[in-house]
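Hi everyone, thanks for making time.

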Amino acid sequence: MKKALCRILSLFLCSLTVLSGLVGCSSNSGSSSSKSQNNQSKTPIKMVVWSSGAEDYYKKACKIFNSRQSKINFTVEMQQDYNQYLGAKTASNDLPDLYLLQPYSQVQQFAKNGHSLDLSDRSFCGKIYSSAKKACEYNGKIYAYPMCQEMLGIFYNEDIFKKAGITQVPKTVSEFKSVCEKLKANNTTPLASIYKDSWTLNHAFSCLQGAILGDKMDSWVSSMAGGNGSFKVSNSDLAFSFMDILKNNSGKNILDADSTAGFNAFANGEAAMIFSGEFSLLNLPSINPKAKVGLFAVPVTNNAADAKLDVDVGICIAVNKNGKHINEALQVLDYLSDNTDKDGWIATTTEPVGSAQPCMKFDSGKQVPDYLKNYQEYVDGNNTIPWVYQQLASGASDLIGKTVQRYFAGTSNKDAVLSSLDKQYKDLLAQ
């Protein structure tokens, strides 16, 4: 499992536990005994995900489903070392009813090996965004449910922008530079530094690479998979020029601050912007609940049309093709993917600030933060691109982040970084 994605989801799920509150068992022993007996008479359906602090939060969502019907007992099991668990269960042909898979390559691998059920006829396939389907496809069929998607871009404090006289978000790199200068003239650090954690630079490089590739992304990904591609592409200079802007506008000692420090700095208003994902806002309600946050795509070129938001599937849920209770597992999947249920799974998991969003339209009937309104505008306008690194071979995120970090440290230049990435990636493919 890619460490960057795991880190995202760990931050996301752990924070949701705090936000959702504890869901405890009844203190009445007789009532608990009665519920236990009732559950034993139901068909057990288990979904296994990696361990986090969100166990009580998931129990709340399971409880909603279980209270609505009398035939299925739906539970979620957390696994501390999910990779090891999944490998062992796959080898023994004992996968749970529902299990988590990494988008793209892992979904394809499990479908090819006959472990996951073809879900192409399920109702969610007609509701999810077309851009989300590729992450769950194999040979033109859908083999997993894209439970949520993440966004990578630049989040900004609307009040700080207003105070600095910035009335429009930048859509070109020249406009972005101007915004940074106005913020510094107003004694404000433009960007929060998060670069001590190399996974943040994997995200940054992925966004920049996607922006300069544009409609050539698919062919580039294919060439990389075939072992004849290169990280050095036309306009690579633009990606490194933008990284220079980040280096020059993220305060002092930029490699001393990790993601937690950066997330806090943005929440506290110490920095006006942060180049990250929605998960960077998870601590906002507890630190600065009145903060108004907007979102815009990373402007890498001077063509405003090139500024597209990085949006991609974060979690895929597969159904065990060889499970004992497939019909019941599909009923649970219908609950997970019901975007008309105002009190169901989607409503419960997307309400907190900083939570990942469903891969389909959903109206909770509640007020939506500005950054999510901006996100929806990009999605509705088809102005999004997928995350580059997720489409590369497993392990690419580690080598990208650590290699690009050397550029931020000033110990490696552009050509050396690109050459090192190419060599390491070829070695990765050989493994």
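Predicted model: local features only at pLDDT ≥ 70, side-chain atom pairs only at ≥ 80, totals over all residues.

**Spaces, cores and rings**

Which residues line the second largest cavity? They are M224, G227, G229, D422, Y425, K426 and L429. Helix 18, which covers residues 414-430, gives the most to that lining, with four residues.

Now for the largest pocket, which has a volume of about 1000 Å³. It is lined by 38 residues, and the closest to its centre are E351, Q367, V368, P369 and L372. Several helices supply at least two lining residues each: helix 1 (3-20), helix 3, helix 13 (284-287), helix 15 and helix 16 (370-380). Which of the helices gives the most to this lining? That's helix 16, with six residues.

Okay, on to the nonpolar cores. The largest one has 85 residues, and F231, F242, M273 and I400 touch the most other members. Helix 9, residues 198-213, gives the most to this core, with nine residues. If you want to pick out I400 on the screen, look for its contacts: leaving out residues up to four places away in sequence, I400 touches N202, F205, F231, Y389, L392 and L421. There's another core lying apart from the largest one, with 60 residues, including Y99, A132, A135 and I346.

Next, the aromatic rings. Searching the whole structure turns up 24 aromatic pairs. Take Y58 and W345: their ring centres are 5.4 Å apart and their planes are at 15°, so this pair is stacked. Y58 is in helix 3 (residues 55-68) and W345 is in helix 15 (residues 345-350), so the pair ties together parts that are 287 residues apart in sequence. Are these two buried or exposed? Y58 is buried, with a relative accessible area of 4%, and W345 is buried too, at 2%.

F240 and Y407 make an edge-to-face pair, 5.0 Å centre to centre with 80° between the planes. Again distant parts of the chain are linked: F240 belongs to helix 11 (residues 236-248) and Y407 to helix 17 (residues 396-409), 167 residues apart. Both F240 and Y407 are buried. What sits over the ring of Y407? It's the charged end of K247, 4.4 Å from the ring centre.

We also get an aromatic cluster, made up of Y156, F161, F176, F242, F275 and F296. You've met F242 already, among the residues that touch the most other members of the largest core.

Last stop: V293, in strand 9 (residues 293-296). Its relative accessibility is 6%, and the cut-off for buried is under 20%, so V293 counts as buried. What is V293 in contact with? Leaving aside neighbours within four places in sequence, its contacts are F155, Y156, E158, F266, L281, L284, D370 and Y371. With Y371, V293 is 78 residues apart in sequence, but the C-alpha atoms are 5.7 Å apart in space. And Y156 brings us back to the aromatic cluster, where it is one of the members.

Terms used: Residues numbered from 1 in each chain as written. Heavy atoms only, no water. Phe/Tyr/Trp six-rings, centres within 6.5 Å; stacked < 30°, edge-to-face > 60°. Buried < 20%, exposed > 50% of the residue type's maximum accessible area, 1.4 Å probe, protein only. Lys NZ or Arg CZ within 6 Å of the ring centre and 35° of its normal. Contact = heavy atoms within 4.5 Å. Core = buried A, V, L, I, M, F, W, Y, C linked by side-chain atoms within 4.5 Å. 1 Å grid on protein atoms, 1.4 Å probe; cavity = no way out; pocket = protein on both sides within 12 Å on 5 of 7 lines; lining within 4 Å. Points joined across faces, edges and corners; volume = space filled by probe spheres on them.
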